Amino acid sequence: MPANPFHLAWFLQGSSIQAWDAPWTGNISEEWMSAELFLDLARAIERAGMDYLLIEDSIYVGQNWKNSRDIFLRNGMSIPRQEPTVVASLMAAVTKHLGIVPTLSTFAYHPYLTARIVGTLDQVSGGRAGWNMVTGSSDFSAQNFGMDKLPPHDIRYEMAHEYIDIVTKLWDSWDPDAIVADRESGVLIEPNKVHTIDYEGQYYRSRGPLNSGPCPQGRPVIAQAGGSGPGRTIAAKWADTIVAHPKGIEAMKEYRADVRARMASFGRDPDSCKIFFMLTPIVAQTREEAKIRADRRRADAEKNIDVRLAQMGWTTNIDFSGHDLDAPVAELTTNGHQSSLANFLRRAGGKTLREAIVGYSTSGGSVDLVGSPDDVAARMGEVMEEVGGDGFLFTLGDVSRKSVAEITEGLVPALQRRGLTRKAFGGKHFRENLLEF
C-alpha cells in the first residue's frame, strides 16, 4: 500500500426503501422490514474494507410541499424509517470489523440515553460503535416530541457542545479497569474507579455515572457533518470523523484546511480526525454504459421536478411549491440544514429554480464521477492526492444488491489494485482502523 492511501465508508440514507421502484431491486418493498437488505450491505462493505457504515436518520414524515405529506408518502421519500440503533445492533451482529454509526439527534435523546445506547453498542460489537451527532433541522420532528419548533440553528449548536460534553464525561465515568471480578475478595467492580459527573449546564444536567459499564474503545467514535460555521467548529472540537460535501476540488481543499485549522486551535492533532467527502458515483461495466445511466438520471430529474424540489424542501425545511420554476433562484434562509441550502444557492448562481434543482439533484457529491471501475478509481486517486485526504463516503439513492455490488465488487477492487485502499483491517477497534493511516 502506498504512503498515502485513503479511507472509505458508506452513508446509508436511513434504513428506508427509497429504491423500491428502481431496476434490480427485487422484493425490497417487501423485505425491508426485516432489515436483511441492510445487513447484506453491512457484510458487503466490510468485505470491501470500508471503515464504517453511517445510518442517517430523521424522525418525522415530510410535509414540506404544499403543506402536505402526500408527495413524500406516495414516493417513499425518507419514509418509512426504522429506529437506527436497532438496525445498528443487527449490523454489529453480522460483522466483525466494520464500524457501525447510528444517528441520534440531540433534541430527541437525552445525553444520558445517547451515552448509554452508544456505549452498549460499543460493548456488544467489541469496540466498533460510533455516534453520528445531529442537532435536527425540522420543526415537524420537534413537534413529534412536544415542542412547537426547534431552537434557532446557532443555539442548537451551542446546546450541542454541552450535550457532547456530558456524553463524553459519562463514557469517561468508568475507568477502563473498573471491573476487577476478584473472586477471592468477592468484588466485581472497584467503587473508586466509577465516578459521578455532576454536570450542571445551561441546557442539560446529568448526575452520572453511566450504569452500563466501560466502553471497549474508552470513548466510541463521534461522527459529525459540520458544514456551517458553528457546524465546523463543533466538528473540529469533538469529531473523530467528519462527513463533508463541499462541491469541487477547491471547495474540498478549503473545507479541509479550515476544519484542520480549527482543530489545531482547540489543541487537537488534525490527523486525529478523518474527513470523508461524499460521493454518488455512477459506475458501470463500461464508460459508455455509465454515460447512458447519467443521462437517464438527468432525464428522470427533469421529469420529476416536484419530487426533486420536495426532497430539497425536506432537507432545507423550505416549501418550494409556490416558487416560480423559471425565475432565478431567490435568496433564501432557513433554520434547517444551512450548509445544504448554502451549497444549493452557491451552485445555482443565476440559474432558474428548474435548472438549479436538476443540476443539484443529479450531482455526484463532492465530485462527479461517471465511468468504468477503472475510470472512477483513477479519478478518485487524483482527487484525493490533490485535496490531501482523508477519504470518501459513498451514498446512493438507489440502494440495491446490484448497485452495492457495483461499488464493493467493481470499484473497490479497482482501488485496491492501485494500492489506494485497504484489503484487510489492521486494528481490532473502530478507532484503530480509522487512525491506521
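This is a predicted model: local features need pLDDT of at least 70, side-chain atom pairs count only at pLDDT 80 or more; totals for chains, interfaces and linings use all residues.

Residues are numbered from 1 along each chain as its sequence is written, and side-chain values use heavy atoms, with hydrogens and water left out.

When I say helix or strand, I mean DSSP runs numbered from the N terminus, helices being H or I with at least four residues and strands being E with at least two.

Let me start with a pair of helices. Two packed helices are described by the angle between their axes and the distance between the axes. How do H8 and H9 pack? Helix H8, residues 229-238, and helix H9, residues 249-265, pack at an angle of about 55°, and their axes are 8 Å apart; axes here are lines fitted to C-alpha atoms, for helices over the stretch in contact, and angles run from 0 to 180 degrees between N-to-C directions. H8 and H9 are therefore oblique to each other, given that angles under 35 degrees count as roughly parallel, over 145 as roughly antiparallel, 65 to 115 as roughly perpendicular and the rest as oblique.

On the H8 side, Gly 229, Arg 232, Thr 233 and Ala 236 meet residues of H9 that include Tyr 255, Asp 258 and Val 259, where contact means heavy atoms within 4.5 Å. The residues of this contact divide into four nonpolar, two polar and four charged; Ala, Val, Leu, Ile, Met, Phe, Trp, Tyr, Cys and Pro count as nonpolar, Asp, Glu, Lys and Arg as charged, and the others, Gly among them, as polar.

Several residues of H8 are buried, among them Arg 232, Ala 236 and Trp 238, and by buried I mean under 20% relative accessible area, with exposed over 50% and partly exposed in between, for a 1.4 Å probe and protein chains only. The buried residues of H8 pack against H9 and H7, and also against strands S4, S9 and S10. In H9, the buried residues include Tyr 255, Asp 258, Val 259 and Met 263, and the partners they pack against include H8, strand S11 and helix H14. Just after H9, Gly 267 takes a positive phi of about 80°.

For a second pair, helix H2, residues 36-47, and H15 pack at an angle of about 10°, with their axes 10 Å apart. That makes H2 roughly parallel to H15. Their contact divides into five nonpolar, one polar and five charged residues.

Lys 423, by contrast, lies in the loop between helix H15 and helix H16, and Lys 423 is exposed, with a relative accessible area of 62%. The C-alpha atoms of Lys 423 and Ala 48 are separated by 7.2 Å, although these residues are 375 residues apart along the chain.
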